[in-house]
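Have a look at the model first, then read on.

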Amino acid sequence: MKTELLAPAKNKETAFAAIDCGADAVYIGASSFGARQNACNSLDDIKEVVEYAHKFFAKVYVTVNTILTDEELVEAVELIKSLDKSGVDAVLIQDMGLLNKLIGFHLSIPIHASTQCDNRTSEKVAFLNKIGLSRVVLARELSLEQIKKIHEENPDIELEAFVHGALCVSYSGQCYLSQFIGGRSANRGECAQPCRKKYSILDDKGNIVKEDTYALCLKDFNASANIKDMIDSGVYSFKIEGRLKDIGYVKNVVSYYRQLLDKYSEKSSSGKSIYPYVPDVEKSFNRGFTDYFLKGRTNCFNPNSPKSKGKFIGKVCGVNGNVIYIETGMDIHPQDGLCYLNKDKMEGFLVNKAERGNNKTAVYTNKNVNVSVGTKIYRNVDVAFEKELLQPVKRQIEVGVNVLNNKIELTDEDGISVSVAMPEGEAAKNQQRMNDTFVKQFSKTGDSDFYIKEISIKYDVPFLPVSELNRLRRDAFEKLMSERLASYKREKQKELKYAQFSLFTPDYRANVHNKSAKEFYEKCGAGVNEMSLETKLPKRQVELMRTKHCIKYALNMCKSPGNLYLQDEKNVIYPLKFDCKNCEMTVLTPDN
């Protein structure tokens with residue numbers, strides 16, 4: 001069974017690195033209309049990424065997944081037309097108004113439903129399937145059982161699921177807190193991340209239950225222990241979150257999951273990558289890890305800090321002023337960043353000097369630290385590992401060479417073949433030596449996109465100087481790559497059409513932000529009774545966020561009666577509502 005490892009890319013350099021490290025596909029933002037406003041790329045850059053990816057039969061997906069105004073829809077349609085001409089393999093969208101515009105255009109480029117479409121039920125996926133979308137990006141909150149049910153009831157649509165990275169605390173597409181607080185809409189790619197801010201938790205009487213805590217801050221997703229189960233549940237594409245992450249993060253995480261996926265499935269692209277480092281996702285940015293709800297509710301939030309926790313390296317076994325002694329088997333280096341918990345708050349420091357002893361290291365800190373014997377120490381900046389990640393990773397495609405009938409035939413791992421004529425020349429005085437020289441020179445693939453698996457010689461190679469053999473090799477590889485690119489076939493989007501929508505009467509949560517989206521739902525038999533919250537805030541009390549993260553559960557208060565409230569740093573109070581039957585929590589607009 002083939003699967004796809006899908007990597008994020010904030011720019012073309014990161015995209016190249018992700019592909020080198022083994023990604024089967026990358027997703028990248030265009031010049032506008034992406035859900036990460038600070039990760040935009042020009043059409044020229046995207047075309048470069050496409051050309052690079054297709055060498056390895058890897059794919060490029062572009063995000064056009066914000067909700068749009070009527071004026072922006074015209075530009076977005078033209079953008080998608082340009083992306084189609086550039087060879088992009090698919091476009092991710094959220095806005096049903098954009099989809100409405102695309103119906104009837106008969107574009108060849110496949111359309112994927114972004115996770116911002118709130119794809120968390122089999123019924124919703126069935127609706128998108130009937131419309132004709134090629135793929136659905138599932139909500140992060142789904143369990144393995146829910147994913148399996150969606151796949152079994154919709155076997156003919158590809159399922160993409162997140163496997164690693166930061167978690168939005170709200171169902172994607174259903175978070176309006178940033179828009180409410182400061183007019184920065186998550187659905188428009190402008191989220192200010194209020195979920196990473198401090199709040200106090202209050203009870204009905206205004207008493208503080210928990211003060212100044214990161215009540216909505218989740219750990220980072222890590223589904224690495226559930227890869228096989230996700231494959232068995234019907235997931236085809238495994239998505240790494242992180243279009244704002246740096247190149248080192250992407251290289252490390254892609255390398256890690258490439259090696260893991262290869263244990264259970266066949267990759268959907270070509271080539272192999274050789275890594276000059278040992279991938280370790282704990283060494284890159286993380287707030288601690290959770291597998292979220294894949295196998296049921298777990299402790300998924302990090303109340304201590306939205307900053308990186310890093311990897312546990314050992315415990316304090318002694319303190320002497322600005323020197324702490326850490327019981328560890330790991331090397332610690334100057335300028336490493338270390339951190340620890342002090343009364344449930346994360347604090348950190350830099351290493352000025354480290355002296356390794358027997359099973360413990362004396363660390364000279366850059367400031368006073370409040371630790372005691374037994375304190376757990378984590379490393380969230382590993383300078384030695386970061387230097388390793390700067391080394392290039394080379395991805396190469398396997399090739400077999402056959403020399404017969406006065407020609408050199410090359411066949412790659414995908415069965416694509418080319419041949420070049422063997423130059424005429426004098427017979428070699430020492431045929432075996434000449435054949436050995438041919439093998440030696442043709443095996444020097446160096447920085448090319450190929451590596452030689454085997455060379456079979458069934459023809460007497462004439463005497464040829466080394467320079468001529470090197471030219472032959474370069475010409476043969478160039479011809480093979482040209483043939484690969486010519487043989488690359490993009491998948492085609494099937495016909496888009498309208499389908500009956502009967503899941504709910506579209507209100508502000510349907511994110512109808514333009515006339516075209518309203519028309520779309522009407523053509524699907526659903527009258528829209530409310531435009532997007534970004535258009536107009538409803539006068540009634542509404543949900544600003546719906547989440548599977550539950551503060552009552554997190555505080556071990558499931559059986560406690562009464563309501564809870566969040567108070568932000570400006571003393572604005574948000575009521576919380578608990579749907580215990582569905583194990584969900586909502587954050588509501590403040591009471592008048």
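What follows starts with the cores, stops at one lysine, and ends with a cavity and a pocket.

A word on the ground rules: this is a predicted model, where local features need pLDDT of at least 70, side-chain atom pairs count only at pLDDT 80 or more, and totals for chains, interfaces and linings use all residues. Residues are numbered from 1 along each chain as its sequence is written, and side-chain values use heavy atoms, with hydrogens and water left out.

In soluble globular proteins, nonpolar side chains tend to be buried together. A nonpolar core here is a set of buried Ala, Val, Leu, Ile, Met, Phe, Trp, Tyr and Cys residues joined through side-chain atoms within 4.5 Å; buried means under 20% relative accessible area, exposed over 50%, partly exposed in between, with a 1.4 Å probe and protein chains only. The largest core has 155 residues, and Leu98, Leu216 and Ile408 touch the most other members. Helix α9 (residues 247-261) gives this core its largest share, seven residues. (Helices are DSSP runs of H or I with at least four residues, strands are runs of E with at least two, and both are numbered from the N terminus.) There's also a second, separate core of 13 residues, with Ile324, Phe349, Val351 and Val363 among them.

Now stay with helix α9, because lysine 251 sits there. Is lysine 251 buried or exposed? Its relative accessibility is 7%, so lysine 251 counts as buried. Leaving aside neighbours within four places in sequence, its contacts (heavy atoms within 4.5 Å) include Ala17, Cys21, Tyr277 and Pro392. Lysine 251 and cysteine 21 are 230 residues apart along the chain, with C-alpha atoms separated by 6.2 Å.

On to the gaps. On a 1 Å grid over the protein atoms alone, a cavity is a set of points where a 1.4 Å probe fits but cannot get out, and a pocket is an open set with protein on both sides within 12 Å along at least five of seven lines; lining residues have an atom within 4 Å of a point. The whole structure holds three cavities of 30 Å³ or more. The second largest cavity has about 60 Å³ of space, and its lining includes Leu138, Arg140 and Phe221.

The second largest pocket has a volume of about 470 Å³. Of its 24 lining residues, Cys117, Asp118, Lys124, Phe504 and Arg509 are the closest to its centre. The largest share of that lining, three residues, comes from α5.

Conventions
Grid points are joined across faces, edges and corners, and a volume is the space filled by probe spheres set on the points.
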